[in-house]
Each structure stands twice: as structure tokens, then as C-alpha cells.
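Please consult the sequence and the structure while reading.

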Amino acid sequence: QVQLVESGGGLVQAGGSLRLSCAASGRTSSTYSMAWFRQAPGKEREFVARITWMGRLFYKDSVKGRFTISRDNAKNTVYLQMNVLELEDTAVYYCAAGSRGGESALGYEYWGQGTQVTVSS
């Protein structure tokens, strides 16, 4: 089993920045793909960003140029740096780890509990 714990969420004004962290423990593997998903009220969970075990990066179109995903394998931690936040970025953000990866939630076996990000005007 792998446990994922997110942190770093909070309330920020539009245009501001936040950095989310996801600490992994348990039977972690450096070959897992790691991803961030988010879910806004009344909406389905959606892909935000992912990083493969080889370090390839993929982003949802609407966050390209504003968000950056990175991982520190030595610390078993994944980060999501979010800049120029917009009202539409308000959601619960989830960290995920999986052997298949991709942009579907089905590719990830392990999930964190989520951290709330609220962007105010």
C-alpha cells in the first residue's frame, strides 16, 4: 500500500500563488507516475498535471504556463507550484500515484485525501 498526504492548500487572491505538496509513504516506487487532479463543487474530478517516472510532464491546457509539477524521488514528494491563480482554479486538489498513469483517474491506484484551494476575487 501507498499512502499519500497532501498539504499546502488554502485561501489566496486571484493572481496569487500556492505550492501543494504530496508526501508518499509505504510501498512507494520511483516508477509510479504521479499526478494532480482536482474537483470543483458540482463537477467531476479532472486531470491537472502529471509527471512520469522518467520525468516527462503533462498539463491540462488551462493551467499550462501557470502550474508546474515536479517530484523529488529522494523525499518521495511531488509538488504542484500554482501561479497566477484564477477563480476557476478553486477546487479540492488530489494527489495520485499509479503504475499506468495517464490523464484518466483510472490509471492511478492510490489517492490522497485532498486539499482545498480557494481563489477569491
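In which order do the four strands of the open sheet stand? In this predicted model, the order is β1-β3-β8-β7, and the pairing is antiparallel.

## The open sheet

Strands β1 (2–7) and β7 stand at the edges of the sheet; each has a single partner strand, so one side of each is left without a neighbour in the sheet. On average, neighbouring strands of this sheet are turned by 15° against each other, direction ignored.

As a general principle, the strands of a sheet pair through backbone hydrogen bonds, in either a parallel or an antiparallel manner.

## From β1 to β3

Strands β1 and β3 run antiparallel and are joined by six bridges. Within this pair, V5 stands opposite A23 in β3.

Strand β3 (residues 18–26) is also joined to β8 by six bridges, and these two strands run antiparallel. Here L18 stands opposite M82 in β8.

Is strand β8 largely enclosed or left open by the rest of the structure? Five of the six residues of β8 (residues 77–82) are buried, so this strand is largely enclosed by the rest of the structure. A residue counts as buried when its relative accessible area is under 20%.

Strand β7 (residues 67–72) is connected to β8 by six bridges, and the two run antiparallel. In this pairing, I69 has L80 of β8 as its bridge partner. Strands β7 and β8 form a hairpin with four residues between the strands, and in this hairpin N76 takes a positive phi near 50°.

Side chains of opposite charge can pair when their charged atoms come close. How many salt bridges does a search of the whole structure find? The search finds six.

One of them joins K60 to E46, with the closest N and O atoms 3.3 Å apart. K60 lies in the loop between β6 (57–59) and β7, whereas E46 belongs to strand β5 (residues 46–51), so the pair ties together parts that are 14 residues apart in sequence. K60 counts as partly exposed because its relative accessibility is 25%. E46 is likewise classed as partly exposed, with a relative accessible area of 28%.

R66 forms a salt bridge with E86, in which the closest N and O atoms are 3.8 Å apart. This pair links distant parts of the chain: E86 is in the loop between β8 and β9 (91–98), R66 is in the loop between β6 and β7, and they are 20 residues apart. E86 is partly exposed, with a relative accessible area of 33%. R66, by contrast, counts as buried because its relative accessibility is 9%.

The side chain of R66 also meets that of D89 in a salt bridge, with an N to O distance of 2.8 Å. D89 lies in the loop between β8 and β9, and this pair again links distant parts of the chain, 23 residues apart. D89 is buried, with a relative accessible area of 1%.

Technical notes. Residues numbered from 1 in each chain as written. Predicted model: local features only at pLDDT ≥ 70, side-chain atom pairs only at ≥ 80, totals over all residues. Heavy atoms only, no water. Buried < 20%, exposed > 50% of the residue type's maximum accessible area, 1.4 Å probe, protein only. Pairing = 2+ DSSP bridges. Axes fitted to C-alpha atoms, helices over the stretch in contact; angles between N-to-C directions. Salt bridge = Lys/Arg side-chain N within 4 Å of Asp/Glu carboxyl O.
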